[in-house]
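Here is a friendly tour of one protein chain. Have the sequence and the coordinates open as you read.

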Amino acid sequence: MLSAIRTRALVGAIRRPMVVSRAFGTTRMMRNAASEEKQVKMREQSGGAYSLEQVSGPESLIGAGSVEGEVPTDFDQATNLERLEMLGLMAGVKVFDHTPLDSSRKGTLENPIIVDSYEKYRYVGCTGSPAGSHEVLWMRPSADKVGRCWECGSVYKINYLGIEDEHHH
């Protein structure tokens, strides 16, 4: 009988609407305003870009992070190319080309399928010619060496667009 009384008390507590006092909402607004001020101050100190027009080089692609005591968003933590892509999407600009490679023909050693890249190598997935004629097979052509699909024999070559003597590390 005692457990039945406890069960009824718990069910009654669950059914009652929760009343939130006005002070809670006011406190939350004050906390948000304080964190926004901190965020603005952190942004100014970081020197990072917060719009595509502010990007001046790799050093501007670092965010301020998050305000102490709050969970950072993806944008707060994004750096380098990920941040550049996010800034581009916010401005309505596609920074990277996501169109598929030409699959209307099979690449040959004399006429390979060209893959533009700002790195000296890329991972390329081949689905055959015509597209979808075999499972995706991945290869890694580089600026110096072509990649050839093991299944259909299609050849891929990197067209390096980057700066020749640039060191990333």
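## Confidence

Confidence in the protein chain is lowest in helix H1 (residues 2-15), with a mean of 53, and highest in strand E3 (residues 137-139), at 95. These values are pLDDT, the predictor's confidence in each residue on a scale from 0 to 100. The chain averages a pLDDT of 77, and 70% of the residues score at least 70.

This is a predicted model, in which local features need pLDDT of at least 70 and side-chain atom pairs count only at pLDDT 80 or more, while totals for chains, interfaces and linings use all residues. Residues are numbered from 1 along each chain as its sequence is written, and side-chain values use heavy atoms, leaving out hydrogens and water.

## Overall build

The protein chain holds four helices and five strands, in the sequence pattern α-α-α-α-β-β-β-β-β. Both kinds of element are DSSP runs numbered from the N terminus: helices are H or I with at least four residues, strands are E with at least two.

Of the 169 residues, 22% count as buried; buried means under 20% relative accessible area, exposed over 50%, and partly exposed in between (1.4 Å probe, protein chains only). The chain exposes about 13200 Å², with carbon and sulfur atoms supplying 56% of that area, as given by the Shrake-Rupley method with a 1.4 Å probe; for residues, only the protein chains shown count as cover. Among contacts (heavy atoms within 4.5 Å) between residues at least 6 apart in sequence, 41% join residues at least 24 apart.

## The sheet

Three strands form an open sheet in the order E1-E5-E4, with mixed pairing. Its edge strands, E1 (113-117) and E4 (147-148), each pair on one side only. Two strands pair if DSSP finds at least two bridges between them. E1 and E5 (residues 155-160) run in the parallel sense over five bridges, and serine 117 has tyrosine 160 in E5 as its bridge partner.

## Rings and charges

The whole structure has one aromatic pair. The ring centres of tyrosine 121 and tyrosine 123 are 5.9 Å apart and their planes stand at 85 degrees, so the pair is edge-to-face. Rings of Phe, Tyr and Trp (its six-membered ring) pair with centres within 6.5 Å; planes under 30 degrees apart are stacked, over 60 edge-to-face, and the rest tilted. Tyrosine 121 is partly exposed at 35% relative accessible area, and tyrosine 123 is exposed at 53%.

Arginine 140 lies over the face of tyrosine 121, 3.7 Å from the ring centre. Arginine 83 sits over the face of phenylalanine 75, at 4.2 Å. Such a charge counts if NZ of Lys or CZ of Arg is within 6 Å of the ring centre and within 35 degrees of the ring normal.
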